[in-house]
Amino acid sequence: MEETSASILPPFLSDVFVFLGVVLSIILLIALSYIWSTQRQDREILDKLSADMKNLAKRVSGLENASASIEKTEDKKIEKVPEKKPVEIPVEKEKPPTAPAVNKTSRPWDDFLENYNLIAASMAVPGQLRACENFVSENNLKVLAYVGNMKFAPVSGVSDSRFWGWQIESSDKYAVVPNPMIHYDEDLHGRAGMKETFASNYENGKYTKYFVELPAILIYNGKNEWKVWEPGVIKLER
């Protein structure tokens with residue numbers, strides 16, 4: 001029986017089968033080797049990727065920690081600077097203008113003029129003649145009247161006078177004021193020398209009050225006569 005089956009296959013076919021078996025075995029080995037190699041490479045790639053991911057995660061974590069540390073440091077360095085209030089510069093209050101002080105050495109008649117204006121303001125009370133006579137005597141005044149041609153001459157009494165003259169520092173000049181007892185009217189203004197001696201606010205009618213702002217200055221000519229040197233200024237009230 002064995003000889004019969006062996007004789008069925010020709011010898012060359014038997015060699016072919018052997019050859020095919022060898023080839024298939026080699027192919028299988030090559031396939032197994034390729035599969036094993038591929039799996040190994042994939043495993044190495046996966047291991048490398050995993051290691052890279054871990055390293056990347058560590059770096060990210062390190063960067064986050066470093067960033068947080070830097071922010072804390074910056075917060076400590078940056079302190080809130082308090083707002084500086086604007087410096088208030090004290091402004092001096094503007095002082096109201098004051099009248100310049102009067103230099104009495106340049107106006108020696110100031111005390112005399114002040115006392116005269118007080119007497120002139122009290123002419124409405126009784127005893128005015130006695131008050132005027134005392135004032136003339138105490139100040140050693142010249143009692144004068146206008147005689148024309150810008151000249152003045154002395155008269156006998158206070159009540160007859162139209163002007164009073166106060167000598168300026170033993171000179172030939174006199175500070176002259178009106179007799180406050182005489183009402184200022186057209187006759188006094190036009191014929192008694194008042195308009196030649198003083199600038200005033202006279203218009204018409206009668207004025208009863210005098211206020212001398214500046215005395216007239218008369219100069220004595222040595223012949224018992226006085227002439228206008230500088231006119232004065234008076235203010236009149238009714």
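Guide: Gladly! This is a predicted model, in which local features need pLDDT of at least 70, side-chain atom pairs count only at pLDDT 80 or more, and totals for chains, interfaces and linings use all residues. Residues are numbered from 1 along each chain as its sequence is written, and side-chain values use heavy atoms, leaving out hydrogens and water.

Visitor: How do you know that strand β3 and β4 pair?

Guide: Two strands pair if DSSP finds at least two bridges between them. β3 (residues 163-167) and β4 have 5 bridges in the antiparallel sense, so they meet that definition. Phe-163, for instance, stands opposite Pro-178 in β4. In the hairpin of β3 and β4, 5 residues lie between the strands, and Glu-169 takes a positive phi near 50°.

Visitor: Which other strand is joined to β4?

Guide: That is β7 (residues 216-220), which runs antiparallel to β4 with 4 bridges. Here Lys-173 stands opposite Ile-219 in β7.

Visitor: What makes β4 mostly covered?

Guide: Of the 6 residues in β4 (173-178), 5 are buried, where buried means under 20% relative accessible area, with exposed over 50% and partly exposed in between (1.4 Å probe, protein chains only).

Visitor: Why are β5 and β6 called edge strands?

Guide: The open sheet has 3 strands in the order β5-β9-β6, with mixed pairing. β5 (198-199) and β6 (209-214) each pair on one side only. β6 pairs with β9 (residues 232-237) in the antiparallel sense over 5 bridges, and Tyr-210 has Leu-236 in β9 as its bridge partner.

Visitor: And what counts as a strand?

Guide: Strands are DSSP runs of E with at least two residues, numbered from the N terminus.
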